[in-house]
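Let us work through one model by question and answer. Keep the structure open beside the text.

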Amino acid sequence: MSASVLRKALICSAVLALLAVLSSCGVFTGIDYTGRVTFDRALPIPPVQDGVIDEEGRRVFSLTAQEGAAELRSGFQTQTWGFNGDHLGPTLRAQPGDHVRVNVTNRLGEATSVHWHGMRLPAEMDGGPHQEVQPGGSWHPEWVIDQPAATLWYHPHPHGATEKHVYRGLAGLFLVDEAVPGLPSEYGVDDVPLIVQDKQLDGSGQLATSGSAPVGTLGETILTNGVEGAFFDATTEKVRLRLLNGSTARILTFAFDDEREFAHIATDGGLLEAPRVTGQLTLSPGERAEVVVQLAPGEDVMLQSHPTPGFWLGAPSGLSDRFDIMQIRAAPELQPADDLPDELARIDWLRADDAVTTRPMRLSNRSINGKEMDMNRIDDVILAGSTEIWTVSAADGFPHNFHIHDVQFQVLDVDGAPPAPHLRGWKDTILLEPQKEHRLIMRFGRHTNPDVPYMYHCHLLRHEDEGMMGQFVVVAPGQGAGHIDGHHH
Ligand SMILES: [Cu+2]
(Lines give C-alpha, C1' and ligand atoms only; values in the text may rest on other atoms or scores of the structure.)
Protein backbone atom coordinates (compact mmCIF):
# COMPACT_ATOMS: atom_id res chain seq x y z
CA MET A 1 0.00 0.00 0.00
CA SER A 2 1.54 3.35 -0.99
CA ALA A 3 1.84 6.23 1.48
CA SER A 4 -0.84 8.32 -0.22
CA VAL A 5 -3.30 5.42 -0.35
CA LEU A 6 -2.60 4.69 3.32
CA ARG A 7 -3.13 8.35 4.21
CA LYS A 8 -6.44 8.43 2.31
CA ALA A 9 -7.55 5.26 4.06
CA LEU A 10 -6.71 6.72 7.47
CA ILE A 11 -8.53 9.99 6.75
CA CYS A 12 -11.48 8.03 5.43
CA SER A 13 -11.76 5.86 8.52
CA ALA A 14 -11.35 8.93 10.79
CA VAL A 15 -14.23 10.64 8.96
CA LEU A 16 -16.38 7.54 9.22
CA ALA A 17 -15.62 7.24 12.96
CA LEU A 18 -16.58 10.90 13.46
CA LEU A 19 -19.82 10.40 11.54
CA ALA A 20 -20.61 7.36 13.68
CA VAL A 21 -20.08 9.40 16.88
CA LEU A 22 -22.23 12.28 15.59
CA SER A 23 -24.84 9.80 14.50
CA SER A 24 -25.01 8.14 17.91
CA CYS A 25 -25.35 11.61 19.54
CA GLY A 26 -28.46 12.16 17.43
CA VAL A 27 -26.89 14.88 15.28
CA PHE A 28 -28.18 13.16 12.17
CA THR A 29 -31.82 12.69 12.91
CA GLY A 30 -34.17 13.03 10.01
CA ILE A 31 -36.44 15.92 9.12
CA ASP A 32 -40.20 15.68 9.57
CA TYR A 33 -41.82 17.43 6.60
CA THR A 34 -45.35 16.23 7.33
CA GLY A 35 -48.10 18.81 7.77
CA ARG A 36 -46.25 21.49 5.76
CA VAL A 37 -48.10 21.16 2.47
CA THR A 38 -51.78 21.78 1.68
CA PHE A 39 -53.22 18.88 -0.30
CA ASP A 40 -55.62 20.70 -2.61
CA ARG A 41 -54.68 19.69 -6.15
CA ALA A 42 -56.39 16.84 -7.95
CA LEU A 43 -53.92 14.07 -8.78
CA PRO A 44 -53.04 14.25 -12.49
CA ILE A 45 -53.36 10.87 -14.21
CA PRO A 46 -50.83 10.39 -17.03
CA PRO A 47 -52.66 9.80 -20.34
CA VAL A 48 -52.62 6.22 -21.60
CA GLN A 49 -51.17 5.31 -24.98
CA ASP A 50 -52.38 1.95 -26.21
CA GLY A 51 -50.51 2.54 -29.45
CA VAL A 52 -51.70 2.17 -33.01
CA ILE A 53 -51.64 -1.20 -34.77
CA ASP A 54 -49.79 -0.82 -38.09
CA GLU A 55 -50.13 -2.93 -41.28
CA GLU A 56 -47.57 -5.38 -39.98
CA GLY A 57 -49.50 -5.90 -36.75
CA ARG A 58 -47.08 -3.99 -34.59
CA ARG A 59 -48.35 -1.87 -31.72
CA VAL A 60 -46.71 1.50 -32.39
CA PHE A 61 -46.13 4.16 -29.74
CA SER A 62 -44.69 7.66 -30.09
CA LEU A 63 -42.56 9.54 -27.59
CA THR A 64 -41.05 12.97 -28.13
CA ALA A 65 -38.63 14.37 -25.56
CA GLN A 66 -39.18 18.11 -25.32
CA GLU A 67 -38.76 21.18 -23.13
CA GLY A 68 -41.67 22.77 -21.34
CA ALA A 69 -42.95 24.43 -18.20
CA ALA A 70 -45.22 22.92 -15.57
CA GLU A 71 -46.89 23.92 -12.32
CA LEU A 72 -45.14 21.47 -10.00
CA ARG A 73 -45.88 23.77 -7.07
CA SER A 74 -49.08 25.83 -6.97
CA GLY A 75 -48.50 29.31 -8.36
CA PHE A 76 -45.07 28.63 -9.95
CA GLN A 77 -44.11 27.75 -13.51
CA THR A 78 -41.09 25.44 -13.41
CA GLN A 79 -38.90 24.87 -16.47
CA THR A 80 -39.17 21.13 -17.09
CA TRP A 81 -38.68 18.39 -19.65
CA GLY A 82 -41.28 15.85 -20.65
CA PHE A 83 -42.32 13.25 -23.21
CA ASN A 84 -45.17 14.43 -25.48
CA GLY A 85 -45.82 17.27 -23.04
CA ASP A 86 -44.26 19.59 -20.51
CA HIS A 87 -43.43 17.11 -17.76
CA LEU A 88 -43.27 13.30 -17.32
CA GLY A 89 -44.73 11.13 -20.08
CA PRO A 90 -47.75 9.04 -21.09
CA THR A 91 -48.40 5.57 -19.70
CA LEU A 92 -47.64 3.08 -22.46
CA ARG A 93 -49.72 -0.10 -22.28
CA ALA A 94 -49.31 -3.41 -24.10
CA GLN A 95 -50.05 -7.10 -23.59
CA PRO A 96 -47.67 -10.05 -23.32
CA GLY A 97 -46.91 -11.29 -26.83
CA ASP A 98 -47.42 -7.91 -28.49
CA HIS A 99 -44.87 -6.82 -31.05
CA VAL A 100 -44.26 -3.22 -30.02
CA ARG A 101 -42.42 -0.39 -31.73
CA VAL A 102 -41.71 3.07 -30.33
CA ASN A 103 -41.02 6.11 -32.47
CA VAL A 104 -38.72 8.19 -30.26
CA THR A 105 -37.92 11.77 -31.26
CA ASN A 106 -35.48 14.04 -29.47
CA ARG A 107 -36.43 17.72 -29.52
CA LEU A 108 -34.07 18.63 -26.66
CA GLY A 109 -30.87 20.58 -27.20
CA GLU A 110 -28.71 17.61 -26.21
CA ALA A 111 -28.51 13.86 -26.70
CA THR A 112 -30.82 11.66 -24.65
CA SER A 113 -32.01 8.05 -24.73
CA VAL A 114 -35.04 6.04 -23.62
CA HIS A 115 -34.40 2.93 -21.56
CA TRP A 116 -37.22 0.41 -20.98
CA HIS A 117 -36.59 -0.37 -17.33
CA GLY A 118 -37.49 -3.95 -16.43
CA MET A 119 -38.09 -5.09 -20.01
CA ARG A 120 -36.59 -8.21 -21.56
CA LEU A 121 -35.45 -7.17 -25.04
CA PRO A 122 -32.51 -7.20 -27.47
CA ALA A 123 -29.54 -5.12 -26.29
CA GLU A 124 -29.73 -2.78 -29.27
CA MET A 125 -33.34 -1.88 -28.26
CA ASP A 126 -32.51 -1.36 -24.58
CA GLY A 127 -32.05 2.42 -24.75
CA GLY A 128 -28.91 2.62 -22.66
CA PRO A 129 -25.90 4.88 -23.25
CA HIS A 130 -25.06 3.05 -26.51
CA GLN A 131 -28.42 4.03 -28.05
CA GLU A 132 -28.36 7.78 -27.55
CA VAL A 133 -30.58 9.90 -29.79
CA GLN A 134 -28.98 13.12 -30.98
CA PRO A 135 -30.85 16.47 -30.89
CA GLY A 136 -33.33 16.50 -33.75
CA GLY A 137 -32.83 12.78 -34.26
CA SER A 138 -35.12 9.81 -33.90
CA TRP A 139 -34.88 6.13 -32.92
CA HIS A 140 -37.29 3.27 -33.59
CA PRO A 141 -36.75 0.31 -31.27
CA GLU A 142 -39.03 -2.71 -31.54
CA TRP A 143 -39.37 -5.99 -29.71
CA VAL A 144 -41.88 -8.65 -28.67
CA ILE A 145 -43.16 -8.44 -25.09
CA ASP A 146 -41.90 -11.66 -23.53
CA GLN A 147 -42.77 -11.42 -19.84
CA PRO A 148 -45.78 -11.45 -17.53
CA ALA A 149 -47.93 -8.49 -16.53
CA ALA A 150 -45.90 -5.88 -14.63
CA THR A 151 -45.54 -2.19 -13.88
CA LEU A 152 -42.41 -1.19 -15.79
CA TRP A 153 -41.18 2.30 -16.63
CA TYR A 154 -39.10 4.21 -19.14
CA HIS A 155 -36.54 6.96 -18.64
CA PRO A 156 -33.41 8.38 -20.30
CA HIS A 157 -30.05 6.69 -19.77
CA PRO A 158 -27.53 8.97 -21.56
CA HIS A 159 -23.90 8.51 -20.60
CA GLY A 160 -23.10 10.56 -17.49
CA ALA A 161 -26.35 12.56 -17.58
CA THR A 162 -29.11 10.20 -16.43
CA GLU A 163 -29.70 12.08 -13.17
CA LYS A 164 -30.21 15.39 -14.99
CA HIS A 165 -32.61 13.99 -17.59
CA VAL A 166 -34.78 12.07 -15.11
CA TYR A 167 -34.73 14.93 -12.61
CA ARG A 168 -36.00 17.41 -15.20
CA GLY A 169 -39.02 15.20 -15.75
CA LEU A 170 -38.33 12.55 -18.37
CA ALA A 171 -40.07 9.45 -17.01
CA GLY A 172 -43.22 7.45 -17.63
CA LEU A 173 -44.81 4.08 -16.94
CA PHE A 174 -44.92 1.10 -19.29
CA LEU A 175 -47.64 -1.33 -18.22
CA VAL A 176 -47.50 -4.90 -19.37
CA ASP A 177 -51.16 -5.54 -18.91
CA GLU A 178 -53.14 -8.69 -18.30
CA ALA A 179 -56.52 -8.95 -16.61
CA VAL A 180 -56.55 -10.78 -13.28
CA PRO A 181 -60.06 -11.43 -11.97
CA GLY A 182 -60.56 -9.76 -8.60
CA LEU A 183 -57.91 -7.08 -9.02
CA PRO A 184 -58.95 -3.46 -9.54
CA SER A 185 -58.12 -2.62 -13.15
CA GLU A 186 -59.88 0.58 -14.24
CA TYR A 187 -57.02 2.93 -15.06
CA GLY A 188 -57.14 6.18 -13.11
CA VAL A 189 -60.27 5.08 -11.20
CA ASP A 190 -59.35 2.09 -9.05
CA ASP A 191 -56.02 1.25 -10.71
CA VAL A 192 -53.95 4.35 -10.16
CA PRO A 193 -50.42 5.03 -11.39
CA LEU A 194 -48.31 6.97 -8.91
CA ILE A 195 -44.92 8.33 -9.93
CA VAL A 196 -43.36 9.62 -6.71
CA GLN A 197 -40.33 11.91 -6.90
CA ASP A 198 -38.55 14.37 -4.65
CA LYS A 199 -37.37 17.74 -5.96
CA GLN A 200 -35.49 20.79 -4.71
CA LEU A 201 -37.35 23.92 -5.78
CA ASP A 202 -35.65 27.30 -5.40
CA GLY A 203 -37.41 30.56 -4.42
CA SER A 204 -38.70 31.06 -7.95
CA GLY A 205 -39.92 27.48 -8.18
CA GLN A 206 -37.12 26.27 -10.46
CA LEU A 207 -35.45 22.87 -10.14
CA ALA A 208 -32.25 23.02 -8.11
CA THR A 209 -29.64 20.32 -7.54
CA SER A 210 -27.03 19.56 -4.90
CA GLY A 211 -23.47 19.90 -6.11
CA SER A 212 -21.81 17.38 -3.85
CA ALA A 213 -23.84 15.09 -1.64
CA PRO A 214 -23.28 11.49 -0.64
CA VAL A 215 -26.22 10.23 -2.68
CA GLY A 216 -26.91 13.11 -5.09
CA THR A 217 -29.81 15.54 -4.96
CA LEU A 218 -32.30 15.10 -2.13
CA GLY A 219 -35.38 17.29 -2.40
CA GLU A 220 -37.73 18.60 0.27
CA THR A 221 -40.68 18.62 -2.13
CA ILE A 222 -42.52 15.41 -2.97
CA LEU A 223 -44.36 15.24 -6.28
CA THR A 224 -46.95 12.65 -7.23
CA ASN A 225 -47.47 12.42 -10.99
CA GLY A 226 -45.71 15.76 -11.20
CA VAL A 227 -47.52 17.90 -8.63
CA GLU A 228 -46.99 18.81 -5.00
CA GLY A 229 -49.95 18.48 -2.63
CA ALA A 230 -52.11 16.11 -4.67
CA PHE A 231 -55.28 14.39 -3.54
CA PHE A 232 -57.01 11.44 -5.18
CA ASP A 233 -60.80 11.16 -5.10
CA ALA A 234 -61.52 7.48 -4.50
CA THR A 235 -64.89 6.11 -5.59
CA THR A 236 -64.29 2.42 -4.84
CA GLU A 237 -63.75 0.41 -1.65
CA LYS A 238 -60.44 -0.87 -2.94
CA VAL A 239 -57.82 1.17 -4.77
CA ARG A 240 -54.80 -0.37 -6.46
CA LEU A 241 -51.78 1.92 -6.45
CA ARG A 242 -48.95 1.28 -8.90
CA LEU A 243 -46.07 2.88 -7.03
CA LEU A 244 -42.88 3.96 -8.79
CA ASN A 245 -40.09 5.56 -6.82
CA GLY A 246 -38.97 7.83 -9.65
CA SER A 247 -36.60 9.82 -7.45
CA THR A 248 -32.96 10.16 -8.43
CA ALA A 249 -31.61 9.35 -4.95
CA ARG A 250 -34.26 9.32 -2.25
CA ILE A 251 -35.32 6.03 -0.70
CA LEU A 252 -38.99 6.00 0.30
CA THR A 253 -40.82 3.82 2.79
CA PHE A 254 -44.51 3.97 1.91
CA ALA A 255 -47.02 3.85 4.78
CA PHE A 256 -50.26 5.56 5.79
CA ASP A 257 -50.66 8.24 8.47
CA ASP A 258 -53.02 6.00 10.46
CA GLU A 259 -50.64 3.03 10.14
CA ARG A 260 -53.32 1.02 8.36
CA GLU A 261 -52.33 -2.18 6.65
CA PHE A 262 -52.61 -2.75 2.92
CA ALA A 263 -52.08 -5.62 0.50
CA HIS A 264 -48.81 -5.80 -1.41
CA ILE A 265 -49.58 -7.60 -4.68
CA ALA A 266 -46.68 -7.03 -7.10
CA THR A 267 -42.94 -6.39 -7.19
CA ASP A 268 -40.89 -4.84 -10.03
CA GLY A 269 -41.37 -7.69 -12.48
CA GLY A 270 -44.93 -8.81 -11.80
CA LEU A 271 -47.49 -10.17 -9.41
CA LEU A 272 -46.60 -11.98 -6.21
CA GLU A 273 -47.89 -15.51 -5.74
CA ALA A 274 -50.42 -14.20 -3.20
CA PRO A 275 -51.36 -10.85 -1.64
CA ARG A 276 -49.22 -10.01 1.37
CA VAL A 277 -50.54 -7.78 4.15
CA THR A 278 -48.13 -5.18 5.48
CA GLY A 279 -48.04 -1.72 7.03
CA GLN A 280 -45.06 -0.33 5.13
CA LEU A 281 -43.06 -0.91 2.00
CA THR A 282 -39.63 0.44 1.09
CA LEU A 283 -38.81 1.32 -2.52
CA SER A 284 -35.44 2.69 -3.59
CA PRO A 285 -35.06 4.71 -6.82
CA GLY A 286 -36.27 2.71 -9.82
CA GLU A 287 -38.20 0.10 -7.83
CA ARG A 288 -41.96 -0.43 -8.26
CA ALA A 289 -44.66 -2.12 -6.25
CA GLU A 290 -48.39 -2.56 -6.59
CA VAL A 291 -50.52 -2.33 -3.47
CA VAL A 292 -54.26 -2.43 -2.78
CA VAL A 293 -55.67 -0.24 -0.04
CA GLN A 294 -59.12 -0.69 1.53
CA LEU A 295 -61.17 2.46 2.18
CA ALA A 296 -64.18 3.35 4.31
CA PRO A 297 -66.83 5.76 2.96
CA GLY A 298 -66.09 9.43 3.59
CA GLU A 299 -62.64 9.01 5.14
CA ASP A 300 -59.40 10.83 4.30
CA VAL A 301 -56.09 9.05 4.59
CA MET A 302 -52.57 10.30 3.84
CA LEU A 303 -50.00 8.23 1.99
CA GLN A 304 -46.67 9.07 3.58
CA SER A 305 -43.00 8.15 3.58
CA HIS A 306 -41.65 6.99 6.93
CA PRO A 307 -38.04 6.53 8.09
CA THR A 308 -36.21 3.56 6.59
CA PRO A 309 -34.28 1.63 9.24
CA GLY A 310 -31.03 -0.27 8.84
CA PHE A 311 -28.54 2.31 7.55
CA TRP A 312 -26.14 3.92 9.99
CA LEU A 313 -25.41 6.66 7.42
CA GLY A 314 -29.14 6.84 6.78
CA ALA A 315 -30.00 10.29 8.10
CA PRO A 316 -27.54 12.29 5.93
CA SER A 317 -28.84 10.26 2.98
CA GLY A 318 -32.43 11.25 3.77
CA LEU A 319 -33.55 7.86 5.06
CA SER A 320 -34.79 9.22 8.38
CA ASP A 321 -37.03 11.91 6.87
CA ARG A 322 -40.82 11.82 7.00
CA PHE A 323 -43.10 13.17 4.25
CA ASP A 324 -46.72 13.47 3.26
CA ILE A 325 -47.04 12.08 -0.28
CA MET A 326 -50.67 12.10 -1.37
CA GLN A 327 -54.06 12.33 0.26
CA ILE A 328 -56.78 9.83 -0.60
CA ARG A 329 -60.34 11.16 -0.16
CA ALA A 330 -62.97 8.46 -0.10
CA ALA A 331 -66.41 9.39 -1.46
CA PRO A 332 -69.42 9.21 0.90
CA GLU A 333 -70.53 6.11 -1.00
CA LEU A 334 -68.03 3.69 -2.46
CA GLN A 335 -68.44 1.07 -5.19
CA PRO A 336 -68.13 -2.35 -3.57
CA ALA A 337 -65.07 -4.38 -4.54
CA ASP A 338 -64.41 -8.12 -4.71
CA ASP A 339 -62.16 -9.79 -2.19
CA LEU A 340 -58.63 -10.08 -3.50
CA PRO A 341 -57.87 -13.48 -5.03
CA ASP A 342 -55.91 -15.88 -2.81
CA GLU A 343 -53.62 -16.72 -5.69
CA LEU A 344 -52.30 -14.00 -7.99
CA ALA A 345 -49.69 -15.69 -10.17
CA ARG A 346 -47.52 -18.77 -10.54
CA ILE A 347 -43.85 -17.93 -10.11
CA ASP A 348 -41.23 -20.15 -11.70
CA TRP A 349 -38.71 -20.27 -8.85
CA LEU A 350 -35.16 -20.59 -10.12
CA ARG A 351 -32.93 -23.21 -8.48
CA ALA A 352 -29.43 -22.42 -7.27
CA ASP A 353 -28.32 -25.83 -8.55
CA ASP A 354 -29.11 -24.73 -12.11
CA ALA A 355 -26.70 -21.78 -11.99
CA VAL A 356 -23.65 -22.24 -14.19
CA THR A 357 -21.76 -19.15 -13.05
CA THR A 358 -21.46 -17.04 -9.91
CA ARG A 359 -20.35 -13.43 -10.26
CA PRO A 360 -19.41 -11.15 -7.37
CA MET A 361 -20.58 -7.52 -7.70
CA ARG A 362 -19.03 -5.32 -5.06
CA LEU A 363 -20.24 -1.70 -5.05
CA SER A 364 -17.98 0.86 -3.44
CA ASN A 365 -16.84 4.44 -4.09
CA ARG A 366 -18.51 4.94 -7.50
CA SER A 367 -17.14 1.67 -8.80
CA ILE A 368 -18.18 -1.97 -9.12
CA ASN A 369 -15.51 -4.60 -8.45
CA GLY A 370 -12.99 -1.74 -8.31
CA LYS A 371 -13.77 -0.52 -11.83
CA GLU A 372 -15.52 2.63 -12.92
CA MET A 373 -17.80 2.50 -15.96
CA ASP A 374 -15.99 2.44 -19.29
CA MET A 375 -18.18 2.66 -22.40
CA ASN A 376 -15.61 0.70 -24.39
CA ARG A 377 -15.02 -2.16 -21.95
CA ILE A 378 -17.16 -5.30 -21.75
CA ASP A 379 -17.06 -6.44 -18.13
CA ASP A 380 -18.98 -9.71 -18.37
CA VAL A 381 -19.83 -12.19 -21.11
CA ILE A 382 -22.95 -14.25 -20.48
CA LEU A 383 -24.27 -17.27 -22.32
CA ALA A 384 -27.80 -16.84 -23.68
CA GLY A 385 -30.38 -18.85 -21.78
CA SER A 386 -28.07 -19.58 -18.87
CA THR A 387 -28.89 -19.27 -15.19
CA GLU A 388 -26.45 -17.29 -13.05
CA ILE A 389 -26.08 -16.18 -9.45
CA TRP A 390 -24.75 -12.70 -8.76
CA THR A 391 -23.57 -11.95 -5.23
CA VAL A 392 -24.08 -8.24 -4.78
CA SER A 393 -22.81 -6.19 -1.87
CA ALA A 394 -22.37 -2.53 -0.94
CA ALA A 395 -19.16 -2.08 0.96
CA ASP A 396 -18.64 1.65 1.54
CA GLY A 397 -21.32 2.51 4.14
CA PHE A 398 -23.50 4.60 1.82
CA PRO A 399 -26.88 3.51 0.47
CA HIS A 400 -26.79 1.85 -2.93
CA ASN A 401 -29.16 -0.26 -4.92
CA PHE A 402 -28.56 -2.52 -7.89
CA HIS A 403 -30.38 -2.72 -11.21
CA ILE A 404 -29.74 -5.25 -13.97
CA HIS A 405 -30.97 -4.62 -17.50
CA ASP A 406 -32.79 -7.26 -19.56
CA VAL A 407 -33.56 -9.70 -16.74
CA GLN A 408 -35.83 -10.07 -13.78
CA PHE A 409 -34.10 -11.81 -10.90
CA GLN A 410 -35.08 -13.56 -7.67
CA VAL A 411 -33.39 -13.05 -4.32
CA LEU A 412 -32.03 -16.36 -3.01
CA ASP A 413 -30.80 -15.01 0.31
CA VAL A 414 -29.26 -12.02 2.09
CA ASP A 415 -26.20 -12.94 4.15
CA GLY A 416 -27.50 -16.49 4.15
CA ALA A 417 -30.94 -15.58 5.53
CA PRO A 418 -34.16 -15.84 3.51
CA PRO A 419 -35.04 -12.55 1.79
CA ALA A 420 -37.53 -10.18 3.43
CA PRO A 421 -41.14 -10.94 2.37
CA HIS A 422 -41.34 -7.87 0.10
CA LEU A 423 -38.50 -9.29 -2.01
CA ARG A 424 -40.15 -12.65 -2.74
CA GLY A 425 -41.10 -12.00 -6.33
CA TRP A 426 -39.56 -10.90 -9.64
CA LYS A 427 -37.20 -7.96 -9.16
CA ASP A 428 -34.98 -5.89 -11.43
CA THR A 429 -33.76 -3.42 -8.80
CA ILE A 430 -32.91 -4.11 -5.17
CA LEU A 431 -31.93 -1.88 -2.26
CA LEU A 432 -28.70 -3.27 -0.80
CA GLU A 433 -28.44 -3.72 2.92
CA PRO A 434 -25.02 -2.33 3.89
CA GLN A 435 -22.18 -4.84 4.15
CA LYS A 436 -24.43 -7.80 3.35
CA GLU A 437 -24.20 -10.26 0.51
CA HIS A 438 -27.32 -10.46 -1.65
CA ARG A 439 -27.46 -13.61 -3.75
CA LEU A 440 -29.54 -12.89 -6.86
CA ILE A 441 -30.47 -15.62 -9.32
CA MET A 442 -31.53 -14.94 -12.90
CA ARG A 443 -31.99 -16.66 -16.22
CA PHE A 444 -30.82 -14.75 -19.27
CA GLY A 445 -32.87 -14.57 -22.44
CA ARG A 446 -32.25 -15.74 -26.00
CA HIS A 447 -31.36 -12.35 -27.50
CA THR A 448 -27.66 -12.31 -28.35
CA ASN A 449 -25.33 -9.57 -29.55
CA PRO A 450 -21.62 -9.77 -28.74
CA ASP A 451 -21.09 -6.13 -29.74
CA VAL A 452 -23.83 -4.30 -27.84
CA PRO A 453 -23.82 -4.44 -24.04
CA TYR A 454 -26.53 -4.21 -21.43
CA MET A 455 -25.89 -2.32 -18.19
CA TYR A 456 -25.90 -3.14 -14.51
CA HIS A 457 -25.55 -0.27 -12.06
CA CYS A 458 -26.52 1.53 -8.90
CA HIS A 459 -29.86 3.27 -9.56
CA LEU A 460 -29.00 6.20 -7.31
CA LEU A 461 -28.48 8.18 -10.48
CA ARG A 462 -25.59 10.37 -9.30
CA HIS A 463 -23.68 7.21 -8.45
CA GLU A 464 -24.50 5.72 -11.85
CA ASP A 465 -23.41 8.89 -13.66
CA GLU A 466 -20.17 9.00 -11.69
CA GLY A 467 -19.17 5.47 -12.67
CA MET A 468 -20.99 2.89 -10.56
CA MET A 469 -21.99 0.88 -13.65
CA GLY A 470 -20.73 -2.07 -15.67
CA GLN A 471 -21.53 -3.69 -19.02
CA PHE A 472 -22.36 -7.24 -20.07
CA VAL A 473 -23.05 -8.89 -23.39
CA VAL A 474 -25.22 -11.95 -23.95
CA VAL A 475 -23.72 -14.32 -26.53
CA ALA A 476 -24.53 -17.58 -28.31
CA PRO A 477 -22.57 -20.77 -27.50
CA GLY A 478 -19.02 -20.51 -28.85
CA GLN A 479 -19.21 -16.73 -29.20
CA GLY A 480 -16.92 -14.42 -27.26
CA ALA A 481 -17.18 -10.73 -26.51
CA GLY A 482 -17.26 -8.63 -29.64
CA HIS A 483 -16.16 -5.08 -30.20
CA ILE A 484 -18.05 -2.07 -29.02
CA ASP A 485 -18.44 0.46 -31.78
CA GLY A 486 -16.01 3.11 -30.53
CA HIS A 487 -17.61 6.34 -31.68
CA HIS A 488 -18.93 7.16 -28.23
CA HIS A 489 -17.30 9.87 -26.18
CU1 LIG B 1 -25.09 3.96 -5.23
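Predicted model: local features only at pLDDT ≥ 70, side-chain atom pairs only at ≥ 80, totals over all residues.

Student: How many helices and strands does the protein have?
Tutor: Count the secondary structure over the whole protein. The total comes to three helices and 35 strands.

Student: Which radius of gyration does the protein have, and does it agree or disagree with a compact globule?
Tutor: The protein has 489 residues. A compact globule of that length would have a radius of gyration near 23 Å. The protein's value agrees with this, at 22 Å.

Student: What share of the contacts with a separation of 6 or more joins residues 24 or more positions apart?
Tutor: Take the contacts in the protein with a separation of 6 or more. Those between residues 24 or more positions apart make up 78%.

Student: How many residues does each side bring to the contact of domain 2 and domain 4?
Tutor: Domain 2 spans 45–176 and domain 4 spans 352–475. Their centres, over C-alpha atoms, are separated by 24 Å. The contact takes 17 residues from domain 2, and from domain 4 it takes 18 residues.

Student: How do the residues on the domain 2 side divide by type?
Tutor: This is the side of domain 2 that touches domain 4. Its residues divide into four charged, seven polar and six nonpolar.

Student: Which residue in β34 stands opposite Ile404?
Tutor: Strand β30 covers residues 401–404, and β34 covers residues 454–457. Two bridges join these strands, which run antiparallel. Opposite Ile404 stands Tyr456.

Student: Is Leu244 buried or exposed?
Tutor: Leu244 sits in strand β18 (residues 238–245). A residue is buried with 20 or more other C-beta atoms within 10 Å of its own. Leu244 has 26 C-beta neighbours inside 10 Å, so Leu244 counts as buried.

Student: How far apart in space are Leu244 and Val196?
Tutor: Beyond four places in sequence, Leu244 is in contact with residues including Trp153, Arg288 and Val196. Leu244 and Val196 are 48 residues apart in sequence. In space, C-alpha to C-alpha, they are apart by 6.0 Å.

Conventions
Residues numbered from 1 in each chain as written. Helix = DSSP H or I, 4+ residues; strand = E, 2+ residues; numbered from the N terminus. Buried ≥ 20, exposed ≤ 12 C-beta atoms within 10 Å, placed from the backbone. Contact = placed C-beta atoms within 7 Å. Domains from an automatic or database assignment. Nonpolar A, V, L, I, M, F, W, Y, C, P; charged D, E, K, R; others polar. Rg over C-alpha atoms; globule rule 2.2 N^0.38 Å. Pairing = 2+ DSSP bridges.
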